[in-house]
There are 2 protein chains.
Amino acid sequence: MLLPAEFIQLLQNLIPSDRLYLDPVDCYAYAYDNSRKYFPPECVIFPLTTDEVVKIIQLCNRFKIPLTPRGRGTGTAGGSLAEQGGASLSLERMTRIISIDTANRVLVAEPGVLNESVQVAVKPSGFFWPPDPSSAAFSSIGGNLATCAGGPHAVKYGTTRDHVLGLTAVTGQGDIIKTGCYTTKGVVGYDLTRLLIGSEGTLAVITEATLKLTPLPAARSGLVAHYQNAVSCASAIATIMKEPQGPSALEFLDSGSLDLIRSRNPGMLPDDSRAMLMIEVDGTEHEISETTTRLLAACQNSGLLKALPVQNAADLWKARKTLSPLLRDIAPKKINEDIVVPVDKIPRLLTGLSSLCKQYQIPNVNFGHAGNGNIHVNLLIDPDNPGESGRAYKCLNQIFDLVISLNGTLSGEHGIGSEKRPYINKELNEATLTLMKQIKLTFDPCNILNPGKLFP
Amino acid sequence: MLLPAEFIQLLQNLIPSDRLYLDPVDCYAYAYDNSRKYFPPECVIFPLTTDEVVKIIQLCNRFKIPLTPRGRGTGTAGGSLAEQGGASLSLERMTRIISIDTANRVLVAEPGVLNESVQVAVKPSGFFWPPDPSSAAFSSIGGNLATCAGGPHAVKYGTTRDHVLGLTAVTGQGDIIKTGCYTTKGVVGYDLTRLLIGSEGTLAVITEATLKLTPLPAARSGLVAHYQNAVSCASAIATIMKEPQGPSALEFLDSGSLDLIRSRNPGMLPDDSRAMLMIEVDGTEHEISETTTRLLAACQNSGLLKALPVQNAADLWKARKTLSPLLRDIAPKKINEDIVVPVDKIPRLLTGLSSLCKQYQIPNVNFGHAGNGNIHVNLLIDPDNPGESGRAYKCLNQIFDLVISLNGTLSGEHGIGSEKRPYINKELNEATLTLMKQIKLTFDPCNILNPGKLFP
């Protein structure tokens, strides 16, 4: 689409030129995210205030111009791409931390503040903000909220929706709404806070967030456990998750992951390990020692090769952190899913994955946040190989059916965006989807906010 | 209103006579809740299945009959009363616990299951469900969800919205929706689960809930602290809440509460105490000992009279539990609010309350969940005393203004119902309220579900 000249003129009256990109070359940097799709917007707008967001949305409504809110573009589901053209609304310059109130454990921030900036700001007072997607150093609070970001520590601390008290947002109609409150209890009206969290910029643009802080644990430690096979490892996961004092992270790596790490890092891992758990525990020294003892016991079963405490938490994450770059290296166009199944269904998931990937001849590597049953299923395809893409998507379709049959969900943390849109009706019934579409139009009657996303 | 004969006939075809009350005498038991208001419904319907709820809602839509969902009627805000007449939909006979899945920490239940029945069902496996309103022995899961119930342990465990994974519900249009999922992570579509939690039966009727269970703490213990005055006590609350390992309950009683308890229970409390904290801690024996030591230190300030550990958790709650019946006894028609302020604003709240109640000559007693800043403000009026009611409502209006000026919220756990409806626009701006009304009509286009509630 081409933007109408009058729209551009009015936009220029509203936003100074250093905060408005119109040149396609400038706009191109906003055409992509981590989904590896490309949809160049016709313009990129960088608002600084809630009032500017109101005026931009009003203008887009008047001309029916699609407006796609964007944090730092680290999402993997295409949620921040201007798929139908129009304007990209980059919140990356709204970077003020408005207040840090440690007495009440609250931080108020604009959406462009990086996740890591929040952590740096509150660490000296002994706090952190728990959502920790792997992009935390670079992704923004606004993006974390829009996708309800998770991460490895969600097994103990929950996801984004558990750590937000209130929001200021501008609806698709251009109205400023205030949701939630400043306190840890509050039941006045409908819970619009959590309705907006995870809505991927389709309902409203978040311009301010009241975040709930959590005390930093005194210390972190952990252990690693190696298994003869995935099934014994998956059975240990279920045993570990029965412990009342659970881990602060419980990451799983399958044999494909371990082979890949071994191929580039000789000596990093034992040769005979076919499945590995990385278990982090946090708390006081005494809690760590008590929990480590109990979790070491929970690791024991006939398939265990060895389980060892690791004193230094950074060492614990070493193998896990080498994995994603390696996967990118060998299969830059891989399909990376983030399905979830109940913890006791992980063995059946892994068996099913193995047989489906064999049937469709798709190289497959699985790892992820096992404590939540959230497994990153990687299909290591090269779309340039004839037929591979077609087989992979047939396989993926059956993987999703398997997940649903195991009472799981299609996405634990990445969201729907455009990537999982064709599959969403496997999980949501028609009435639920219809209601969600009606809610979308209640917030955004002209369907200008991130149009086409989420819904099939 | 009188129900149309045809509506009654069709209802009788749908629901057998032992599950349909039409006699006003039978219906009268469903005319009231703990708000002490009376609105007799024209009929009371007791469905047993989701499909019956669908058919009832369809019928009410056809005849435009108000339908007010009801749990056990323990709410204090009038949320379950058939204010506009019509039908009361009592979910109290949907009492099946559908599954207990301790491997995945999940219990699936119908809405009529009592909170306490859930606790009894999962305790042998070492779990509990954290929401603990004081009505827990008698209130239902459905009611707890409809109001987003809290309770004293919310300071550590959060409220209802933090402990529900998914729902089956029937909208005001009669559509069956499934929200959320069965796993602890999930971001597929909008978060309708939390939109329904706390919506007081105005959007949909919950017919099944997937509850997230929490491991029972190994032990409970606590301490009590007595202060010379409310301000030093309130300052200790803020200090306690700065501790990383906080209490599992932190209850405050002001001098009015203590005088009342002393007047009926000589010797239960020290004579010189003008403010008291009851502090519960839970965890392993070692955690309890460590946390108790730290919280005892946090209690110290110049206004402290004494702080003592209490070994038996039941002893800890003794004074607190005598209070509500006493208040009912001396002022059966008292006004009981559940406002919330940020923890560090409690001193200013208490000072303000004292001066407002003096100004309007209203006897006042305050106590409650201080760790969340959630104070039960009791105005001990007798509406039969000329002028007292009028003065009390003027005072209340200013109390709400004070709460909002301190960045607080009008209700922490009771909800809006009809009682706080006139005040809701002190907290929510016009655009937010309008949007909420639109959402209401999206779920319930004929406005049959609990009509008139929540909105001014």
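Good morning. I begin with one pair of charged residues: Asp344(A) and Lys345(A) form a salt bridge, and their closest N and O atoms are 3.5 Å apart. A salt bridge here is a side-chain nitrogen of Lys or Arg within 4 Å of a carboxyl oxygen of Asp or Glu. Asp344(A) counts as partly exposed, at 30% relative accessibility. On this scale, buried means under 20% relative accessible area, exposed means over 50%, and partly exposed lies in between, using a 1.4 Å probe and protein chains only.

Before I continue, a word on the source. This is a predicted model, in which local features need pLDDT of at least 70 and side-chain atom pairs count only at pLDDT 80 or more, while totals for chains, interfaces and linings use all residues. Residues are numbered from 1 along each chain as its sequence is written, chains are lettered from A and ligands numbered from 1 in the order in which they are written, and side-chain values use heavy atoms, with hydrogens and water left out.

Let us turn to chain A as a whole. Chain A contains 16 helices and 18 strands; these are DSSP runs numbered from the N terminus, with helices (H or I) of at least four residues and strands (E) of at least two. Its C-alpha atoms fill a box of roughly 70 × 60 × 40 Å along the principal axes. Of its 456 residues, 62% count as buried. A contact means heavy atoms within 4.5 Å. Among contacts in chain A between residues at least 6 apart in sequence, 72% join residues at least 24 apart.

I now return to charges. Side chains of opposite charge can pair when their charged atoms come close. Over all chains, the count comes to 44 salt bridges. One of them joins Glu6(A) and Arg62(A), whose closest N and O atoms are 3.0 Å apart. This pair links distant parts of the chain, with Glu6(A) in helix H1 (residues 5–14) of chain A and Arg62(A) in helix H3 (residues 50–63) of chain A, 56 residues apart. Glu6(A) is partly exposed, at a relative accessible area of 45%, whereas Arg62(A) is exposed, at 53%.

What of chain B? There, Glu251(B) and Arg320(B) meet in a salt bridge of 2.9 Å, N to O. Glu251(B) lies in strand E13 (residues 249–253) of chain B and Arg320(B) in helix H12 (residues 318–330) of chain B, so the pair ties together parts that are 69 residues apart in sequence. Both Glu251(B) and Arg320(B) are buried. Elsewhere, salt bridges that share partners join Arg161(A), Asp191(B) and Arg194(B) into one network.

I close with two loop residues. Which residues does Lys333(A) contact, leaving aside its neighbours within four places in sequence? They are Arg36(A), Ile381(A), Pro383(A) and Asp384(A). Lys333(A) lies in the loop between helix H12 (318–330) and strand E16 (335–340) of chain A, and is partly exposed, with a relative accessible area of 45%.

Is Thr159(A) buried or exposed? At 4% relative accessibility, Thr159(A) counts as buried. Thr159(A) lies in the loop between helix H6 (154–157) and strand E8 (164–171) of chain A. Not counting residues up to four places away in sequence, Thr159(A) touches several residues, among them Pro131(A), Cys148(A) and Lys185(B). Thank you.
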